[in-house]
Amino acid sequence: MAVIFLLWVIAEIAAIWAVASLVGFLSTLGLLLAGAIVGSWLARREGGKAARAVLDTARSGRSPLGEVTDGMLIGLGGLLIFVPGFVSDVAGLLLLLPPTRALVRRAWLKRLKRRGPLAPRGFGGGLHSSGRVIVVDSEVVDPSRHDRRDPPQRPVIDSE
């Protein structure tokens, strides 16, 4: 992780240096500021759309997995926009634009489905365990009949 962070910082510095060499220092600062302003406007607009989509999907009774993933990617894109630098601005913009976000979402959900212990079934419904069966041995204890002075034969998990 440290190597990736170091490479990212080097790429940001190289990009800022290259842009500053082409257009000048003040223009570079202006471009960084303009990117943050446009990116924050786009993140707010797309975030509102994603929130409405989550609510509409949940109201219709379907699983909002794709819509929630879109919201997560929009949040990450907005965060990347606010990090100073051109590389992060481009990455954030790609996550904020619907066509490229859809590609990232599909790849992300495919990876989760492949690697997760509980994979979403067809992106539309409940969770199923991937071939494993988990058995939980339990016992229902009626609290009105349970005397606290008389310890139970098995350990009891009390929710009080």
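**Figure 1. Overview of the chain.** From the N terminus on, the elements run α-α-α-α-α-β-β. That gives five helices and two strands. Both are DSSP runs, numbered from the N terminus: helices are H or I with at least four residues, strands are E with at least two. This is a predicted model, in which local features need pLDDT of at least 70, side-chain atom pairs count only at pLDDT 80 or more, and totals for chains, interfaces and linings use all residues. Residues are numbered from 1 along each chain as its sequence is written, and side-chain values use heavy atoms, with hydrogens and water left out. The chain exposes about 11900 Å², and carbon and sulfur atoms supply 68% of it. Accessible areas come from the Shrake-Rupley method with a 1.4 Å probe; for residues, only the protein chains shown count as cover. Of the 160 residues, 20% are buried. Buried means under 20% relative accessible area, exposed means over 50%, and partly exposed lies in between (1.4 Å probe, protein chains only). Among contacts between residues at least 6 apart in sequence, 49% join residues at least 24 apart. A contact means heavy atoms within 4.5 Å.

**Figure 2. Helix α4 and its cover.** Helix α4 spans residues 86–96. Its buried residues are Phe 86, Ser 88, Asp 89, Gly 92, Leu 95 and Leu 96. The cover over them includes α1, α2, α3 and α5.

**Figure 3. Thr 28 and its neighbours.** Thr 28 sits in helix α2, residues 25–59. Thr 28 counts as buried because its relative accessibility is 3%. Leaving out residues up to four places away in sequence, Thr 28 touches Ile 16, Val 19, Ala 20, Val 23 and Phe 86. Trp 17 is eleven residues from Thr 28 in sequence, and their C-alpha atoms are 9.1 Å apart.

**Figure 4. A network of salt bridges.** The structure holds six salt bridges. In each, a side-chain nitrogen of Lys or Arg is within 4 Å of a carboxyl oxygen of Asp or Glu. Arg 45, Glu 46, Lys 49, Asp 70, Arg 101 and Arg 105 are linked in a network of these bridges. Glu 46 pairs with Arg 101, with the closest N and O atoms 3.1 Å apart. This pair links distant parts of the chain: Glu 46 is in helix α2, Arg 101 in helix α5, 55 residues apart. Both Glu 46 and Arg 101 are buried.

**Figure 5. Asp 70 and two arginines.** Asp 70 lies in helix α3, residues 65–82. Asp 70 counts as buried because its relative accessibility is 14%. Arg 101 meets Asp 70 in a salt bridge of 3.5 Å, N to O. Arg 101 lies in helix α5 and Asp 70 in helix α3, so this pair ties together parts 31 residues apart in sequence. Arg 105 also bridges to Asp 70, at 2.8 Å, N to O. Arg 105 lies in helix α5 too, so its pair with Asp 70 in helix α3 ties together parts 35 residues apart in sequence.

**Figure 6. Two surface patches.** Patches are made of residues with over 30% relative accessible area and no salt bridge; like charges are joined within 9 Å, nonpolar side chains (Val, Leu, Ile, Met, Phe, Trp, Tyr) within 5 Å. Val 3, Leu 6, Leu 7 and Ile 10 make a nonpolar patch of about 410 Å². Val 3 lies in helix α1, residues 2–23. Val 3 is exposed, with a relative accessible area of 59%. Lys 110, Arg 111, Arg 114 and Arg 115 form a positive patch. Lys and Arg count as positive, Asp and Glu as negative; His and the chain ends are not counted. The place of a charge is NZ of Lys, CZ of Arg, CG of Asp or CD of Glu. Lys 110 is in helix α5, residues 98–115.
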